[in-house]
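Please look over the points below with the model open beside you.

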Amino acid sequence: GAEVLDPATAAELGDVGEIAAYDRLPYGLAAYHFFRAIYARLAKNDAHRAALGFHAAARIALAGGKVAPAKFVEALSLVWIARQQEGLAWAATGNNARALLVFDEILAAHAAGNGLPVRPDDELARAVAQNRADVAPA
């Protein structure tokens with residue numbers, strides 16, 4: 001329902017572990033929250049709402065990528081930029097501890113070799129190749 005348009009409720013979707021849970025959700029939900037967060041930050045000067053929106057976008061994109069990486073290629077590209085913008089938005093609210101936590105999580109993921117939210121596999125590689133004009137399909 002409409003509750004998925006609320007960033008706090010939508011962020012809970014990050015805990016979903018099966019593709020069936022996404023059947024009735026808008027495909028572009030991660031992008032929706034990402035761009036609403038940009039709007040909140042730039043047009044409304046609401047860094048708190050922006051931070052919540054960026055957080056929701058990253059969690060939804062990551063969860064979708066984990067359960068169906070070939071279907072969420074575009075969404076996965078939002079994960080790290082959404083996390084970066086979330087940290088910057090928290091800093092803009094004056095909540096530097098929260099901002100540092102976000103950036104520490106990003107750095108820890110990279111240091112642990114988890115720079116990508118989902119490890120590439122053959123299925124994901126084929127999906128990317130089929131959607132890029134400069135890469136021949138496998």
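1. The largest nonpolar core has 24 residues, and Ala 30, Phe 34, Ala 50 and Phe 54 touch the most other members. Such a core is a set of buried Ala, Val, Leu, Ile, Met, Phe, Trp, Tyr and Cys residues joined through side-chain atoms within 4.5 Å. Buried means under 20% relative accessible area, exposed over 50%, partly exposed in between (1.4 Å probe, protein chains only). Two or more residues each come from H2, H3, helix H4 (73–76), H5 and helix H6 (96–111). H3 gives the most, with seven residues. Helices are DSSP runs (H or I, at least four residues), numbered from the N terminus.

2. This is a predicted model: local features need pLDDT of at least 70, side-chain atom pairs count only at pLDDT 80 or more, and totals for chains, interfaces and linings use all residues. Residues are numbered from 1 along each chain as its sequence is written, and side-chain values use heavy atoms, with hydrogens and water left out.

3. Phe 34 is in contact (heavy atoms within 4.5 Å) with Phe 54, Ala 57, Leu 78, Ile 81 and Ala 82, leaving aside neighbours within four places in sequence.

4. Helix H2 (residues 29–42) packs on helix H3 (residues 47–67) at about 165°, with the axes 8 Å apart. Axes are lines fitted to C-alpha atoms over the stretch in contact, and angles run from 0 to 180 degrees between N-to-C directions. H2 is therefore roughly antiparallel to H3, a term for angles over 145 degrees. The contact has 13 nonpolar, two polar and two charged residues. Among the H2 residues that meet H3 are Leu 29, His 33 and Arg 41; the H3 side includes Arg 49, Gly 53 and Ile 60.

5. Which loop holds Asn 45? Asn 45 lies between H2 and H3. Its phi is near 55°, a positive value in a residue other than glycine. Asn 45 is exposed, with a relative accessible area of 63%.

6. Is Arg 83 buried or exposed? Arg 83 is buried, at 15% relative accessible area. Arg 83 sits in helix H5 (residues 79–93). Not counting residues up to four places away in sequence, Arg 83 touches Ala 58, Val 102, Glu 105 and Ile 106.

7. Gln 84 is also in helix H5. Gln 84 is partly exposed, at 31% relative accessible area. Beyond four places in sequence, Gln 84 touches Phe 103 and Ile 106. The C-alpha atoms of Gln 84 and His 55 are separated by 9.7 Å, and the two lie 29 residues apart along the chain.

Notes. Angles under 35 degrees count as roughly parallel, over 145 as roughly antiparallel, 65 to 115 as roughly perpendicular and the rest as oblique. Ala, Val, Leu, Ile, Met, Phe, Trp, Tyr, Cys and Pro count as nonpolar, Asp, Glu, Lys and Arg as charged, and the others, Gly among them, as polar.
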